[in-house]
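I wanted to go through this structure step by step and keep a record of what I looked up. The entries below are in the order in which I made them.

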Amino acid sequence: MMSRLFAIAALAWLAVPAAARDSDPPGSLYRFEAKLTSQDGAAHGLDVYRGHPVLVTMFYGSCQASCPLIIDTLRATERAVAPKVRARLRVLMISFDPARDTPAALGEIARTRHIDTARWTLAHAEPADVRTLAALLDVQYRQLPNGDFNHSTSIVLLSPAGETLASTHALGHADEALLKRLAQ
Amino acid sequence: MKSTALVLLMGAAVAATAPPAQRAGIPAATFATILPPAPGVATVHVDAFELDRTPVTNAAFAAFVRSTPAWRRDRVARVFADERYLAHWRDASTPAPGAERAPVTQVSWFAAQAYCEAQGARLPTWHEWELVAAAGPDTADARSDPDWLQTILSWYARPASDTLPDVGGAPNYYGVRDVHGLVWEWVLDAQSMMVSGDNREQGDPDALRFCGSGAVTMEQKENYAMLMRIATLSSMRASYTSKSMGFRCAVPRPVPR
């Protein structure tokens with residue numbers, strides 16, 4: 001079973017370079033073809049908001065501590081930019097807990113937190129993709145024996161082509177450097 | 001009758017000349033880890049697995065790059081490997097002359113993991129690697145042997161040389177070679193190494209960046225060799241490469257029915 005899982009993982013990975021979009025810049029995170037599923041069950045890649053500036057972060061839904069703060073921080077960042085920029089800006093929150101954060105569970109979070117899913121996506125990632133996504137987004141995480149996670153928080157601003165423009169580990173307030181980059 | 005004997009003889013000849021399996025079997029174990037899985041938990045359980053007996057060589061990685069050209073240094077996307085990726089090779093698919101049997105280095109975590117996945121394997125987790133690295137020549141856990149610790153430390157104190165020796169040092173208890181003394185090695189969960197050497201995070205505003213129970217505290221502070229491993233891994237990002245960072249692959253051992 002495990003070896004089959006890894007075989008699937010291998011296939012998934014091998015698909016990456018073969019399917020790499022050569023049109024994307026070499027530094028684009030969209031070079032990685034992740035398999036994501038959003039809170040409404042739609043399958044898509046990391047580039048679900050291709051063409052928009054997008055704030056990308058990782059989290060897990062059952063977190064009681066600083067994770068609600070991630071949503072507050074993203075909202076604070078949205079509020080801090082000019083309306084014209086805000087209209088273009090998108091938010092992608094990817095769970096690193098694929099076992100518990102099913103698309104249905106993510107849908108429930110979106111409802112209870114009143115998330116505007118026209119501009120925000122909560123995404124479930126294939127287990128084989130989670131580590132790579134975390135590596136690309138500079139998120140550190142580890143699962144504890146009780147099923148919870150230790151993790152660092154990182155909010156990454158991607159360009160319309162998926163390049164990292166700015167990132168922050170700050171929580172609780174909009175990051176100044178990131179806001180400056182968004183205003184450009 | 002005659003032919004049976006011949007077959008048996010041939011079988012014996014094959015067994016005598018066949019190289020040892022590429023991977024060593026590591027039995028399941030519970031051991032005291034330097035990186036506790038949670039605060040207040042000193043031991044960790046590792047399921048049985050198989051680990052490459054040596055680090056991956058330049059020759060083996062060259063074969064991978066030839067079959068998967070997206071990982072050539074002139075084709076790899078910069079997001080997966082920095083500009084020093086395989087920069088020491090003769091060309092994009094050929095190692096430096098004479099270095100075929102030396103461990104491949106200057107590979108990113110992404111590249112190392114892609115190599116292992118192409119072999120139906122993956123990188124070992126930190127705890128898997130740590131379990132094997134605790135073994136001495138004759139014992140599964142040599143960490144309380146001062147002579148053994150000193151031998152390892154003397155390697156870390158040696159200045160790095162530009163030319164790495166070939167793989168194939170003395171085997172440890174498990175028959176695994178070059179765990180110490182040759183290169184640093186990537187692990188699967190290198191991104192999980194949120195480490196605080198003390199409990200500074202308490203009351204620190206940066207503690208907010210950690211969700212859950214906060215960063216783990218390291219144990220066994222006298223085990224400098226392991227502490228250096230963790231410090232090195234935690235300083236690397238997944239696209240980084242280094243002249244002394246190589247890797248080997250692992251597979252979970254199938255559970256016997």
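**Conventions.** I am working with a predicted model, in which local features need pLDDT of at least 70 and side-chain atom pairs count only at pLDDT 80 or more, while totals for chains, interfaces and linings use all residues. Residues are numbered from 1 along each chain as its sequence is written, and chains are lettered from A and ligands numbered from 1 in the order in which they are written.

**The sheet of chain A.** Strands here are DSSP runs of E with at least two residues, helices are runs of H or I with at least four, and both are numbered from the N terminus; two strands pair if DSSP finds at least two bridges between them.

I then followed β4(A), residues 90-95, to its partners. With β5(A), residues 120-125, β4(A) runs parallel and is joined by 5 bridges, and Val91(A) stands opposite Trp120(A) there. With β3(A), residues 54-59, the pairing is also parallel, over 6 bridges, and Leu55(A) is the residue opposite Val91(A).

How many of the residues of β4(A) are buried? The count is 6 of 6, where buried means 20 or more other C-beta atoms within 10 Å of the residue's own, exposed means 12 or fewer, and partly exposed lies in between, with C-beta atoms placed from the backbone. Arg90(A), Leu92(A) and Ile94(A) lie on one side and Val91(A), Met93(A) and Ser95(A) on the other, so that both faces are covered.

**The nonpolar core.** I noted that the largest nonpolar core holds 103 residues, and that Leu133(A), Ala134(A), Ala111(B), Ala112(B), Leu123(B) and Val132(B) touch the most other members. Such a core is a set of buried Ala, Val, Leu, Ile, Met, Phe, Trp, Tyr and Cys residues joined through C-beta atoms within 7 Å. Helix α3 (residues 109-118) of chain B gives the largest share, 7 residues.

**Helix packing in chain B.** Chain B has 6 helices and 10 strands, and 39% of its 257 residues are buried. Helices α5 (residues 146-157) and α6 (residues 224-235) of chain B pack at about 40° with axes 9 Å apart; the axes are lines fitted to C-alpha atoms over the stretch in contact, and angles run from 0 to 180 degrees between N-to-C directions. The two helices are therefore oblique to each other, since angles under 35 degrees count as roughly parallel, over 145 as roughly antiparallel, 65 to 115 as roughly perpendicular and the rest as oblique. Among the residues making the contact are Leu149(B) and Ile152(B) of α5(B) and Met228(B) of α6(B), a contact being C-beta atoms, placed from the backbone, within 7 Å.

**Two positive phi angles.** Asp138(A) is not a glycine, yet its phi is positive, about 60°, and it sits in the loop between α5 (127-137) and β6 (141-143) of chain A. Is Asp138(A) buried or partly exposed? With 17 other C-beta atoms within 10 Å, Asp138(A) is partly exposed. Leu86(B) also has a positive phi, near 55°, in the loop between α2 (58-67) and α3 of chain B, but Leu86(B) counts as buried, with 26 C-beta neighbours inside 10 Å.

How values were computed
Contact = placed C-beta atoms within 7 Å.
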